[in-house]
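Have a look at the structure first, then try each task before reading on.

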Amino acid sequence: MEDLRILDDAHAVAARKEVYRVTIILSVLTIIELALGYSMVNMSEQSFSRHLIKGIILILMLAKAFYIVAYFMHLKHEIRNLIMTIVLPLGLFIWFIIAFLADGNSFRELRNKYAPYDQESNIPVQQKVHGEHEKGTIELKKAVE
Amino acid sequence: MSTTTATATTKWWSGGKSPFNVEYGKIMMWYFLMSDTFTFGALLISYGTTRFATQGWPDPNHVFNSFPGLGSGYPLLFVSLMTFILILSSVTMVLAVQAGQNMNKKGVVINLIFTIIGGLAFLSCQAWEWTHLFHEGAWWGRNPFINADGTQSTTNFTNFFFTITGFHGFHVFSGVVINVIMLIMALNNTFEKKGHYLMIEKAGLYWHFVDLVWVFVFTCFYLV
Amino acid sequence: MSNEIALGAGAGLSTELASEHHEHHEHHQSFITKYIFSTDHKMISKQFLITGIIWAFLGGLMSVLFRLQLGYPDSHFYWLQDVLGKFWVEDGRITPQAYYALVTIHGTVMVFFVLTAGLSGTFANFLIPLQIGARDMASPFMNMLSYWFFLAAGLVMLSSLFVETGPFSGGWVAYAPLSALRDASPGSKSGMDLWLISIILFVVSSLLGGLNYIATILNMRTKGMSMTRLPLTIWALFFTAVIGVLSFPVLFSGFILLIFDRNFGTSFYLSDIFINGVGALPNEGGTAILYQHLFWFLGHPEVYIVLLPAMGMASEIMSVNARKPIFGYMAMIGSLFAICILSFLVWAHHMFVSGLNPFVGSVFVLLTLLIAVPSAIKVFNWLTTLWRGNIRFTPGMLFTIGFVSLFISGGLTGIWLGDSALDIHLHDTYFVIAHFHLVMGVASMFGMFAGIYHWFPKMYGRYMNNTLAYIHFWITLAGAYLIFWPMHYEGLAGMPRRYYDYSSWESFKQFAELNRFISTVVIITFATQLLFIFNFFYSIFKGRKVTTKNPWGANTLEWTTPINPGHGNWEGEIPEVHRWAYDYNKDGREFIPQTEPVGADESQH
């Protein structure tokens, strides 16, 4: 561990430059994200452009995550073995996310199909009738069974 | 850590040395963070699943649109401030780690202080935001906001918001505590005596992880 | 937590330094530092083992109690009422509430405390440093904490048996809404609070342990001990730790949401619920399936956490006692790795009839059936290892062979259950009970017994009694099959699990005799386990002493340590490793220890 001391100055300066570079990249990405988020303010909820923007924001999110892990957490400068043991398990998230979200989506569709009066969206604000709900419960349970 | 000038022919896995060229504490920290990634991942995926299973969802631009002293009508402004605070505190943490690698005690101390200030500032922002939302009627189990299409919204919007940002805030808090301990140890010359600042690197990993999680929480709750 | 990690920095690589440090400490250890707050991995492993045995006894006793109800539903056991009290037994019969509580706590205790902590806690702690050639774990302090969190988890769970409303009674899976609503059942009140605290403590324990195992295996192997020279036990324990570190946090997240549902009025898992006597609940918008997803994202890897250590130990013990190299060493590692990956991709096969999307379900069927491939590879490798071996039927070897047998019998029915169409009929029947008890419950138990009999000489410097061990083996093996084999038929006939009393169903009356038979065998088999417990504790103090360093003629490093190794394991230098662990019957020699340099005229393995 002694040779940590004798890291040459050039290396230290380069490392610091890298930090500043990454800071600027992260800031720029964040500003783009915010601008995109702001552009959605009056867009309709289900429009294609809104979904597209959300997709772009998610990609930018992953880019930011990459910069933080690779440079701030120094992973890019570790040796390859370590990088692989960190990155490969993250692959488990692919199926984790797909299966969970697909099933969540399916749950909504099943509910719309078998208990159509139970949708929250059909209930206008301030006119929520509780009796309606209980009936819906019974129907839904029957439908599930 | 003694073989930084390793050549490509080094047999990393042959035993008697670390295959990753790092000491075990750092390996443990990395894998602990992997584990924590799954904790946060599961929470955010649950949030996504519930959102997919729900008819409508409030528009974050209409919910999070207040700024202290300015009132409402400024979507994303306050959360941008929080994001930049956290990114900057992450930057000072990297600088502290680098100062530690150069055995520069003064650099470590100054940058750690900046990091701690950043962490506390972030926590204060979160406290203000929670208080503000609470006064608007939002809390666990209470959701005053309506869906983007004007219909009744489920309480799961606020439930997930408070649970996940709260869990993240708890991580920020513990990160600040760890950094304060690091600062005290640095001031006491503990690391100088040890001959290395490796602990700062591990604390740094944790702090960057907190920042990393915020990238995801910020995107999932405030942007999409 | 990061503090503890950081505190021991630097000790990882300098094993030489650590050795001197330890040797001088040996003499002035008080009782407390040696036996209670010990940081020696061998002592911690014994702590895990004995705590695990106590929990196995309690968990087994619970199964005897609820089998009494199932086997003898019309009998009255008034003496039990005197022993256990009114909550548990009324009018000489186990009360319904107590029955569900017993089933729940039996499951929880067996899966988490016995087969996770008791199995991988014991053998990971004991074998990792000894077999890779390390003085101790990477962080002995964290290792100690791991045990203490486990003990605390156990004590909290134990205390839940004594609360007024009884322990949690909604099944070990703790599905919402039974687990999420206090009013759902008596056991959902403070019993569930304690259950949750206990399991969260257990997650912390398993995380502390798992990180330690991984860091130790990666960083602290002795010179020459490359990853492909590791004994298969270590590979199995490594993957077990990896699975634990990645899957327990998901359960933890699920529990965080559950705690909010229980205490803070959220509805993550709740929607449209009406409770008798309470009325309609205000909770809207959640889905109970989300809880099931989160639970089984841990729950399925968990069965491999339970099974992999048994697989690893079986491979090692089998090779030693068949006096043959393990067949297909790399294939064994590859299949362990494949199981490790696949274990994360198949969780929803527990939920085919929960309302899971059928298309998503079909993908899960495909992924589930893929597990048959690595499992089959392992089975064939074990069988070919036995083939033409010069087998020594030590108790450890018998239990290993029993493990393989049970793994095959239980594993084959997994193919049925993994099929979503068949599962509609078989789900939640006794078929499922038979399947998972054989393949993961009893099989892992056999792995554990094999490990205990095989490494007992290393743990305590004495042998266990062979005669008692043989009786234990044969009755347990016969018992396991006699208990669980008939359950397949009950399940195929549609008999559901978790029912208190089947006598009111015309279709299941035919099984009354069979149920009584099963319960009788349960009592006999449980009594035989007491024989094992007696043998274990008796042999610690009075067993025949081990006189040679290497009683089994094994190749691995733990048999190069002194008969009673001190803290630090080796006197003097840690041995260097020159070969893999499975050079048995090679070049005319019965076994060649790993420490022996490869000779010039030696044939390649």
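**Exercise 1.** In which hand, left or right, does α4(B) pass α5(B)?

*Solution.* Before starting, note that this is a predicted model, in which local features need pLDDT of at least 70 and side-chain atom pairs count only at pLDDT 80 or more, while totals for chains, interfaces and linings use all residues. Residues are numbered from 1 along each chain as its sequence is written, and chains are lettered from A and ligands numbered from 1 in the order in which they are written.

Step 1: find the helices. Helices are DSSP runs of H or I with at least four residues, strands are runs of E with at least two, and both are numbered from the N terminus. In chain B, α4 covers residues 105–135 and α5 covers residues 156–187.

Step 2: look at the axes, which are lines fitted to C-alpha atoms (for helices over the stretch in contact), with angles from 0 to 180 degrees between N-to-C directions. The two axes come within 9 Å and cross at roughly 155°. That makes α4(B) roughly antiparallel to α5(B). Angles under 35 degrees count as roughly parallel, over 145 as roughly antiparallel, 65 to 115 as roughly perpendicular and the rest as oblique.

Step 3: read the hand. A crossing is left-handed if the near helix is turned anticlockwise from the far one by less than a right angle, and right-handed if clockwise. Here the crossing is left-handed.

Step 4: see who meets whom, where contact means C-beta atoms, placed from the backbone, within 7 Å. Val108(B), Leu112(B) and Phe122(B) are among the α4(B) residues that meet α5(B), whose side includes Gly169(B), Val176(B) and Leu183(B). The contact divides into 16 nonpolar, seven polar and one charged. Ala, Val, Leu, Ile, Met, Phe, Trp, Tyr, Cys and Pro count as nonpolar, Asp, Glu, Lys and Arg as charged, and the others, Gly among them, as polar.

**Exercise 2.** Describe how α1(B) and α8(C) cross.

*Solution.* Step 1: the axes of α1(B), residues 24–52, and α8(C), residues 190–219, come within 9 Å and cross at roughly 135°. The two helices are therefore oblique to each other.

Step 1: α1(B) passes α8(C) in a right-handed crossing.

Step 2: Tyr24(B), Tyr31(B) and Phe32(B) are among the residues of α1(B) that meet α8(C), where the partners include Leu207(C), Ile214(C) and Asn219(C).

**Exercise 3.** How many residues of chain A are in contact with chain B?

*Solution.* Step 1: 53 residues of chain A touch 53 residues of chain B.

Step 1: α1(A) gives the largest share of chain A's side, 12 residues.

Step 2: that side divides into 32 nonpolar, nine polar and 12 charged residues.

Key:
Two residues are in contact if their C-beta atoms, placed from the backbone, lie within 7 Å.
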